[in-house]
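Me: Could you walk me through this structure, one question at a time?

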Amino acid sequence: MKKIVSLTMALLGAVVVAYAALPDKTNQFVNDFAGVFDSRQAMELEEYLATFSDTTTNQVVVVTIVDLGDYEPADYAQRLGQKWGVGSDKDNGVIILVKPRNEFGGGAVEISTGYGAEGVLTDARCGQIIDKEMMPYLQQGDYFEACNAGARACCRLLLGEYHDNWDNDQADDDDLLWMLLCVALVVACVGFFVLKPSKKTVALRAVANADTVAKRDAAVARAKELKISDEKITAALKDVPKNMERRLYNASTPDDFEKLAAAALALGLSQAAIDMVRWRMPEYTFKFVGVPASCVGVWQ
């Protein structure tokens, strides 16, 4: 019995410590707990975000931390947003969380949005902000420019797009989306049951989707037997490296990745492109994970 009580207390203590790791709320929009900004940079971004908050109903808060502890980036940012109450009563706050690369592990970046902001800052848009605006700076260790670019991109998307009757507008958009989906479904069904790809189309697809040199050569030979023009065959061959790159992204293990990488190299995909995909694999040095109302990037 004493062992059970001791174990329970230990587990409760671990939970308390985990929650205690979340910093207390400040009155700042820029919270550089990791100390990666200089005072001028922090003041510059603080003034921009304060002005944005004053002129809109949205809030964008930047937080840098030294260590995530046992939290995943998405969980940490979501809990921090809830604890701090970021955003107005419309729950339209945004937290940009950055953990620098340090002795506690690789770097991490997360954009977490409240329900009132996720209609504009969708998963896809958050992913674009991280991938295109922030990650180039993060990989260079320029944390301020990464946060500055990410925050300003969020503000540009939010500016003027949130208003009191947003829910009604969103409902109208949802109705239109459902109508378009229904039309697309009907068209797809008709195409599936009525249209059938020709032998030449199937042959060209086999060329484009070949995953070994032998399969590619056999598919090309079949295409020539069907008297498909050299121009079309060449176009299909150009798609082979692109399709191999997509397969690399879907590799489930490092061993599968390396096997595909060897085949991709033989099929014309450049070593630089393969290395870039390798950087983005979770088993290697980078991953990108979409989660509800947030996007995560991690680099080592």
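Reply: Happy to! Helices here are DSSP runs of H or I with at least four residues, numbered from the N terminus. Keep in mind that this is a predicted model.

Me: Thanks! In which helix does leucine 237 lie?

Reply: Helix α9 covers residues 230–249. Leucine 237 lies in helix α9.

Me: Is leucine 237 buried, partly exposed or exposed?

Reply: Buried means under 20% relative accessible area and exposed means over 50%, with partly exposed in between. Leucine 237 has a relative accessible area of 31%, so this residue is partly exposed.

Me: How are α7 and α9 oriented to each other?

Reply: Two packed helices are described by the angle between their axes and the distance between the axes. For α7 (residues 199–208) and α9, the axes come within 7 Å and cross at roughly 40°. The two helices are therefore oblique to each other.

Me: How many residues of the contact of α7 with α9 are nonpolar?

Reply: On the α7 side, the contact involves Leu204, Val207 and Ala208. Their partners in α9 include Ile233, Leu237 and Val240. The contact has 2 charged residues and 1 polar one, and its nonpolar residues number 7.

Me: Which element gives the largest share of the largest nonpolar core?

Reply: That core has 45 residues, and Met134 is among those with the most contacts inside it. Several elements give two or more residues to this core, including α2, β3 and α5. The largest share, 9 residues, comes from α5.

Me: Is asparagine 92 buried or exposed?

Reply: Asparagine 92 has its place in the loop between α3 and β3. The side chain of asparagine 92 makes a polar contact of 3.2 Å with that of asparagine 58. At 0% relative accessibility, asparagine 92 counts as buried.

Me: What is the phi of lysine 227?

Reply: Most residues other than glycine have a negative phi. Lysine 227 sits in the loop between α8 and α9, and is exposed, with a relative accessible area of 69%. Its phi is positive, with a value near 60°.

Definitions and conventions
Residues are numbered from 1 along each chain as its sequence is written. This is a predicted model: local features need pLDDT of at least 70, side-chain atom pairs count only at pLDDT 80 or more; totals for chains, interfaces and linings use all residues. Side-chain values use heavy atoms; hydrogens and water are left out. A nonpolar core is a set of buried Ala, Val, Leu, Ile, Met, Phe, Trp, Tyr and Cys residues joined through side-chain atoms within 4.5 Å. Buried means under 20% relative accessible area, exposed over 50%, partly exposed in between (1.4 Å probe, protein chains only). Axes are lines fitted to C-alpha atoms, for helices over the stretch in contact, and angles run from 0 to 180 degrees between N-to-C directions. Angles under 35 degrees count as roughly parallel, over 145 as roughly antiparallel, 65 to 115 as roughly perpendicular and the rest as oblique. Contact means heavy atoms within 4.5 Å. Ala, Val, Leu, Ile, Met, Phe, Trp, Tyr, Cys and Pro count as nonpolar, Asp, Glu, Lys and Arg as charged, and the others, Gly among them, as polar. A polar contact is a pair of N or O atoms within 3.5 Å; within protein, one must be able to donate a hydrogen and the other to accept it, and residues adjacent in sequence count only if both atoms are side-chain atoms.
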